[in-house]
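Please keep the sequence and the structure in view while reading.

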Amino acid sequence: MSLHKRIVLDFDDTLAFTSDRDWANAKPNTELIEKCNKLYASGWIIDIFTARGSISCRSRVEASNKYGPQIEEWLKKHNVKYHALSFDKPLAAYYVDDKGILPEDFIKTDIRDLEGGLSGSDIYTDGKVVHKTARNAHEAARWFKATGTIVNTPTIHRVVGDTLTMDYIENDPDYFIHSSYKALAMIQEALDAFSNINETKFLTFDDYIARIVGHAQLANLGPFNDVIEKLAPIELSYGYCHGDFGVKNMLFNEDKLFLIDPIPNVFGCRELDIAKFIASLIINRYTPREQDLAINTLLAYNDHINKNELLTLVAAEVIRVYKYHHDKDFIIQCVNDLLGMIEEENRYVS
């Protein structure tokens, strides 16, 4: 559980409303309690901080001893789910906090998890910003900074620890289906824009092959080994790229393409970005027509790419998800289908 999936609640005048210091009969904020209990049940850490006793007690320890049992009894009576109660909050006229929110606004806020893909990253939103916790948060922030000048990306607000906070972008998940040609044109524009950034990395295509070999060895299947053999003669050089250029990392909003969730710390290039995109269509069960349209269109835009080599790279990317995918047989079938397409292409060429 990410420590950034934590909600800090005030007690007096937030969870409980008190008149004339009648603490035991404080009125519960039922809407707030219901919302926080649901978040608690979904895995959020709920901590309660109170300034009670700041005036009447000489220390926060004394305040905890005096009021702690009373508050804990009240919380139990009103079925408030929480992880910790702290008296470390001092009394103040103002609390300045970049994440502060009034109770009535918090009740209306739709806090929900977002799909985290294969990485298992912790991603959630309140409809205004997105918080993503991942080990590569700082590297991703640098990628957004470098790339945001040439393609559309969410505005990055901050990186705290391993959590990246950025703008929430509304997405039309069916855009590629009903506007395939527009989508592919925007995808190609992004690929072309990447070529305007010069970056040197010490990673090589051999490093990529080693990653795929590692995934293939987990399965030890004949078709996977066939793909590894076909990868060996391919030669690719590093080029500035997205690193995880799948359809799930593309947000389509009013005929604009926004890119999210890059993986900048791996070997990549234009050919691999294209292969990752086509593999994502296959894995996410887009129709054969949509898959073929993507393959043929992107090959036409990038006529230096050999179709058989591209299909081999696509197969390698499908192998990469075998470890994580719930339907192993489906992934095996996808690899077999791609090998069949390669053989058909060989017959056509010969």
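## Surface and overall dimensions

The chain, which is a predicted model, has an accessible surface of about 18800 Å², and 49% of this area belongs to carbon and sulfur atoms. Of the 350 residues in the chain, 48% are buried. The side chains include 38 positive and 52 negative ones, and the centres of these two sets lie 7 Å apart.

Taken along the principal axes, the box filled by the C-alpha atoms is roughly 90 × 40 × 40 Å. The radius of gyration of the chain is 26 Å, whereas a compact globule of 350 residues would have a value near 20 Å.

## Secondary structure and contacts

The chain holds 12 helices and 12 strands. When contacts between residues at least 6 apart in sequence are considered, 71% of them join residues that are at least 24 apart.

Which residues of helix α8 are buried? In this helix, which covers residues 222-231, they are Pro223, Phe224, Val227, Ile228 and Leu231. Viewed down the axis of α8, these buried residues fall within an arc of 150°, and they therefore line one face of the helix. An α-helix has 3.6 residues a turn, so residues three or four places apart point the same way.

The loop between α7 (205-219) and α8 contains asparagine 220. The phi angle of asparagine 220 is near 50°, which is a positive value in a residue other than glycine, and asparagine 220 is exposed, with a relative accessible area of 60%.

## Aspartate 261

A positive phi, of about 50°, is also found at aspartate 261, although this residue is not a glycine. Aspartate 261 sits in the loop between β12 (256-259) and α9 (270-283). Is aspartate 261 buried or exposed? Its relative accessibility is 17%, and because buried means under 20%, aspartate 261 counts as buried.

## Valine 80

Valine 80 is placed in the loop between α2 (60-77) and β5 (84-86), and at 9% relative accessibility it counts as buried. Apart from its neighbours within four places in sequence, valine 80 is in contact with Ile33, Asn37, Ile48, Trp74 and Leu75.

Valine 80 and lysine 230 are 150 residues apart in sequence, and their C-alpha atoms are 59 Å apart in space.

## Methionine 186

Helix α6 (residues 180-194) includes methionine 186, which counts as buried at 12% relative accessibility. If residues up to four places away in sequence are not counted, methionine 186 touches Tyr175, Phe252, Asp255, Lys256 and Leu257.

One of these partners, aspartate 255, is 69 residues from methionine 186 in sequence, while the distance from C-alpha to C-alpha is 8.6 Å.

## Isoleucine 156

Isoleucine 156 belongs to strand β9 (residues 156-160), and with a relative accessibility of 27% it counts as partly exposed. Its contacts, not counting residues up to four places away in sequence, are with Phe144, Leu164, Thr165 and Met166.

How many residues apart in sequence are isoleucine 156 and phenylalanine 106? They are 50 residues apart in sequence, and from C-alpha to C-alpha they are 22 Å apart in space.

How values were computed. Residues numbered from 1 in each chain as written. Predicted model: local features only at pLDDT ≥ 70, side-chain atom pairs only at ≥ 80, totals over all residues. Heavy atoms only, no water. Buried < 20%, exposed > 50% of the residue type's maximum accessible area, 1.4 Å probe, protein only. Helix = DSSP H or I, 4+ residues; strand = E, 2+ residues; numbered from the N terminus. Arc of directions from axis to C-beta. Rg over C-alpha atoms; globule rule 2.2 N^0.38 Å. Contact = heavy atoms within 4.5 Å. Areas by Shrake-Rupley, 256 points an atom, 1.4 Å probe, with all protein chains shown as cover. Lys, Arg positive; Asp, Glu negative; His and termini not counted. Charge placed at Lys NZ, Arg CZ, Asp CG, Glu CD.
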